[in-house]
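Please study the sequence and the structure shown below before reading on.

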Amino acid sequence: VIRCRAAVAWAVGKPLSVEEVEVAPPKSGEVRIKIVATGICRTDDHVIKGSIASVDFPVIPGHEGAGIVESVGEGVTSVKPGDKVIPLCLPNCGECTFCLNPEANYCLKCHFSEPQNLLPDKTSRFTCKGKQIHHFMWVSTFAEYTVIPEYAVAKIDPAAPLDKVCLLGCGFSTGYGAAVNTAKVKPGSTCAVFGLGGVGLSVVMGCKVAGASRIIAIDINKDKFAKAKQLGATDCINPQDFKKPIQEVVTEMTGHGVDYSFEVIGRVDTMTAALASCNMNTGVCVMVGVAASDAVISIDPLLLLTGRTWKGSLLGGSKARDFIPKLVSSYLEKKFNSDLLITHTLPIANVNEGFELLRAGK
């Protein structure tokens, strides 16, 4: 058993509490990882606020990390102690019908199909003050050590700087992959990105790498515009500056709407606006943001009848155990600069300050 620090969410709506926790050794098919760095993703804030119904408390959140394998359980062959790894919030069991389908990236062991509050044997590897602490998406990167099923771990290049590539565990891969894998943005095309947080800015980078000629970045926080332009946006617009709906503005700017639009916020009104912003016949709209668990969308069926495509994308639309190590290699080859997404670096003891910065749009 390893004793280490972790940021524990004891109850809905309470700040995280940095505690000493006990982390049990890995069982068969499991990997214990020393987490070196973790990003803070808006989804972790949803956990703390209680807007993800399937999460059980107390829980150690965090799902955007990178670390080093400390030990492995019986039967583990893909990683060994000392390997640099990224934990995967979307597993790749390799055995379910979706994993066996080369077109699919969803695994039936994902938290959308069955809760990941405990490891697959329905027990936890975390205890604190004599109480069982739940896992989050099996990864729980807000702990200095964590235990994860082998099929939710990707081995990466040993040259990778863990404090930078941790972003590839969720935010960057989700946005960049939505552009290059899910939408398959074509050279010379036009794109609109709704929401310029870390994931939205990663969509901008993906559109640029894919060769889009025009990238319209949309946010109500103008402080995001300089970075969006630095990363490849050609136009930045604030919906609050217009009297008409933003989809009409985008359509007028482009003639018939963009070729590809992306909703990277998780609001039903912006999802509908993003759909209406893409060209009515061949436009593709990709839903990247996660809406509240009780959210419902109502749309005019004519938006789809004329030929638009509306798709969702999870963790970049590609099998994570293959996709993320390749992204790490592309990062090392300087094909993109995801370091520009890092605004602050804090010790784990200041994790609540990180959430305050996130909520303030900083």
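## Contacts of F262

Leaving aside neighbours within four places in sequence, F262 is in contact (heavy atoms within 4.5 Å) with A178, A179, A183, V185, C191, A192, V193, F194, V203, C207 and V286. The model is predicted: local features need pLDDT of at least 70, side-chain atom pairs count only at pLDDT 80 or more, and totals for chains, interfaces and linings use all residues. Residues are numbered from 1 along each chain as its sequence is written, and side-chain values use heavy atoms, with hydrogens and water left out.

## The nonpolar cores

A nonpolar core is a set of buried Ala, Val, Leu, Ile, Met, Phe, Trp, Tyr and Cys residues joined through side-chain atoms within 4.5 Å. Buried means under 20% relative accessible area, exposed over 50%, and partly exposed in between, with a 1.4 Å probe and protein chains only. The largest such core has 99 residues, and F262 is among those with the most contacts inside it, together with V165, V185 and C207. Helix α9, residues 320–332, gives the most to this core, with 6 residues. Helices (H or I, at least four residues) and strands (E, at least two) are DSSP runs, numbered from the N terminus.

Domain 1 and domain 2 both give residues to this core, so it lies between them. Apart from it lies another core, of 16 residues, which includes F194, V250, A273 and L303.

## The two domains

The domain assignment gives domain 1 (2–170 + 317–360) and domain 2 (174–312); such bounds come from an automatic or database assignment. The C-alpha centres of the two domains lie 28 Å apart. Their contact takes 15 residues from domain 1 and 15 residues from domain 2.

The area buried between the domains is about 1,200 Å², of which carbon and sulfur atoms give 62%. Buried area is the accessible area (1.4 Å probe) that two parts lose on being put together, summed over both. C170, L340 and L341 supply 40% of the area that domain 1 buries against domain 2, more than any other three residues. The count of salt bridges between the domains is 0, a salt bridge being a side-chain nitrogen of Lys or Arg within 4 Å of a carboxyl oxygen of Asp or Glu.

## A buried aspartate

D45 is found in helix α1, residues 42–49. Is D45 buried or exposed? D45 is buried, with a relative accessible area of 1%. Not counting residues up to four places away in sequence, D45 touches F355, L358 and R359.
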